[in-house]
Amino acid sequence: MITSPSSADLLSWYDIHARDLPWRVSPSDRGLGVVPDPYAVWLSEIMLQQTTVAAVRDYFVKFLRLWPTVKDLATAPEEDVMKAWAGLGYYSRARNLKKCAETIANAYNGNFPKSMDELLKLPGVGPYTAAAISTIAFDSHAAVVDGNVERVVSRLYAIEQPLPDSKPLIKDRMGSLTPADRPGDFAQAVMDLGATICTPKRPACAICPWMEACEARKNGIAETLPRKAPKKQKPTRYGAAFVAINTDTGAVLLRRRPPRGLLGGMSEVPGTEWSEDFELRDPAAHAPLDGPWHTHTGEVRHTFTHFHLRLTILSAPVSNNAQLPAGCWWAARDGLEDEALPTVMRKAVACALGGLG
DNA sequence: GACTCGTGGTG
DNA sequence: TCACCAAGAGT
């Protein structure tokens with residue numbers, strides 16, 4: 001006797017257990033005819049790319065308060081968008097967000113297109129996000145495949161072929177599972193299931209609405225799926241960062257990083273290159289300007305996607321009259337919160353200003 | 001396909 | 001401490 005998974009079972013579970021998220025129309029409201037704002041759906045989906053719900057929540061609320069419509073975002077200075085995005089990571093998302101908003105505002109008069117074809121052309125919108133906007137905002141029958149869906153579907157059908165080779169099969173299965181009625185809620189239900197029940201480690205199979213149908217649970221291999229190729233270990237890079245402190249105002253010297261690449265377009269304190277074989281016998285010799293540079297005890301450790309970083313932090317009092325290196329400016333101490341400083345640079349500033357050596 | 005691209009939580 | 005992972009996309 002084979003029990004096949006039923007979308008109705010999952011939707012019944014979702015009607016009770018759906019997470020309360022600021023960008024989501026609850027299943028009960030949806031049943032009353034409330035329609036999602038495509039702008040909010042798009043904004044949330046971009047923010048949620050490789051980013052946890054907990055990290056996104058406050059940023060989403062802030063963005064919607066600053067720019068309530070896509071046209072507001074389209075006319076905002078990119079600088080302001082980068083500042084608001086600071087700390088959320090993957091900064092090319094913020095640049096593409098701004099570009100996409102301009103496209104929607106100018107070429108589409110502020111209305112998001114409904115076809116997958118057109119959605120996929122938008123900057124920052126790939127296969128997942130196009131399907132998510134299509135099904136969540138417009139309730140179309142599009143199969144979303146994110147990390148949650150990969151895990152849930154891999155287990156449901158005991159797919160032992162490793163990712164990413166199994167992705168087409170997973171997409172096909174997800175498409176077959178998706179009901180004609182409430183496809184948007186179904187997509188969100190699978191993702192909620194993956195986030196709260198069918199978790200990567202120690203899945204709560206005992207309370208899963210798909211317990212009876214799950215092949216991996218039956219075979220006792222749920223926790224081992226989905227299979228993935230082992231990841232390469234991260235190398236460690238070393239460098240130094242220089243926190244110049246204005247003797248008259250207390251301001252900190254900042255500069256802009258190049259527009260593309262790592263932390264592209266974000267602000268930083270001046271520093272050396274980050275290199276794997278960098279040996280800082282005399283880091284002060286690399287300082288961007290003269291000063292009584294003091295090396296702080298300890299170091300800033302930060303991990304990026306593909307390498308670890310260890311930064312030696314130096315600081316020095318610098319006269320307001322000093323000749324500044326090209327592209328640098330003084331950033332007021334009480335305005336640092338609003339600068340486009342990525343987290344690693346906030347750590348560097350905190351190390352220098354916070355004492356600790 | 002293989003890289004690049006951030007950050008914070010978790011076990 | 002550390003690897004893993006999270007509503008992936010661009011090159």
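Visitor: How many helices and strands are there in chain A?
Guide: This is a predicted model, and the C-alpha trace of its chain A spans about 80 × 50 × 30 Å along the principal axes. Within chain A, the count comes to 14 helices and seven strands.

Visitor: Which residues have the most contacts inside the largest nonpolar core?
Guide: Of the 357 residues in chain A, 36% are buried, and the largest nonpolar core has 88 residues. Helix 3, covering residues 38-47, gives the most to this core, with seven residues. The residues with the most contacts inside the core, however, are Val243, Val269 and Ala348.

Visitor: With which residues is Val243 in contact, leaving aside its neighbours within four places in sequence?
Guide: A contact here requires C-beta atoms, placed from the backbone, to lie within 7 Å. Once the neighbours within four places in sequence are set aside, the contacts of Val243 are Val252, Val269, Ile313, Ser315, Ala348, Val349 and Ala352.

Visitor: Which elements give two or more residues to the surface near DNA strand B?
Guide: DNA strand B is surrounded by 23 residues, of which the closest are Gly89, Gly261, Thr305, Pro342 and Thr343. The residues of this surface divide into 10 nonpolar, 12 polar and one charged. The elements giving two or more residues to the surface are helix 4 (53-66), strand 5 (300-303) and helix 14 (343-353).

Key
Residues numbered from 1 in each chain as written. Chains lettered and ligands numbered in written order. Predicted model: local features only at pLDDT ≥ 70, side-chain atom pairs only at ≥ 80, totals over all residues. Near = placed C-beta within 6 Å. Helix = DSSP H or I, 4+ residues; strand = E, 2+ residues; numbered from the N terminus. Nonpolar A, V, L, I, M, F, W, Y, C, P; charged D, E, K, R; others polar. Buried ≥ 20, exposed ≤ 12 C-beta atoms within 10 Å, placed from the backbone. Core = buried A, V, L, I, M, F, W, Y, C linked by C-beta atoms within 7 Å. Contact = placed C-beta atoms within 7 Å.
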